[in-house]
Amino acid sequence: VQLQASGGGSVQAGGSLRLSCTASGRTFDRAMGWFRQAPGKEREFVAAITWGGGTTRYADSVKGRFTIYRGNSGNTAYLQMNSLKPEDTAVYYCAVGSSVATTQSLYDYWGQGTLVTVSS
């Protein structure tokens, strides 16, 4: 499985961005998640979604602002980010795993990351 993340960029606080993650290979019945790593910090969980989209999970820091959803084919996951804050600045990574886990080790495949910069 290979993952390609895109959609990062620079935005002012309060703005919006949508990240995309497209997977090639076998992703049937696999969950997809987003993690992020801010400068000088460890990578942290952001959001995850099951294959069918019926279950989602969010970090408390993004609840109500970010929405994760999957495309019709199931091979693409999107992260709609609204009301962005400077503390959302990070490299965002997508990953494929067996469940909507918050633990990185439970994800088997990772994309290359896309940078999101939010200025105040």
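Good morning. Cysteine 21 and cysteine 94 are both buried in this structure, which is a predicted model. These two residues form a disulfide, with their sulfur atoms 2.1 Å apart. Cysteine 21 belongs to strand E3, residues 17-24, and cysteine 94 to strand E9, residues 90-97, so the bond ties together parts that are 73 residues apart in sequence. The torsion about the S-S bond is about 65°, and the disulfide is therefore right-handed. A search of the whole structure finds 1 disulfide.

I turn now to the charged side chains. Side chains of opposite charge can pair when their charged atoms come close. The count here comes to 5 salt bridges.

Let me begin with aspartate 108, whose side chain meets that of arginine 30 in a salt bridge at 2.2 Å, N to O. This pair links distant parts of the chain, 78 residues apart: aspartate 108 is in strand E10, residues 107-110, while arginine 30 is in the loop between E3 and strand E4. Aspartate 108 is partly exposed, with a relative accessible area of 47%.

Aspartate 88 counts as buried, at 1% relative accessibility. Arginine 36 also forms a salt bridge with glutamate 44, at 2.7 Å between the closest N and O atoms. Glutamate 44 is partly exposed, with a relative accessible area of 37%. Thank you.

Key:
Residues are numbered from 1 along each chain as its sequence is written. This is a predicted model: local features need pLDDT of at least 70, side-chain atom pairs count only at pLDDT 80 or more; totals for chains, interfaces and linings use all residues. Side-chain values use heavy atoms; hydrogens and water are left out. A disulfide is a pair of cysteine sulfur atoms within 2.5 Å. Helices (H or I, at least four residues) and strands (E, at least two) are DSSP runs, numbered from the N terminus. Buried means under 20% relative accessible area, exposed over 50%, partly exposed in between (1.4 Å probe, protein chains only). A salt bridge is a side-chain nitrogen of Lys or Arg within 4 Å of a carboxyl oxygen of Asp or Glu.
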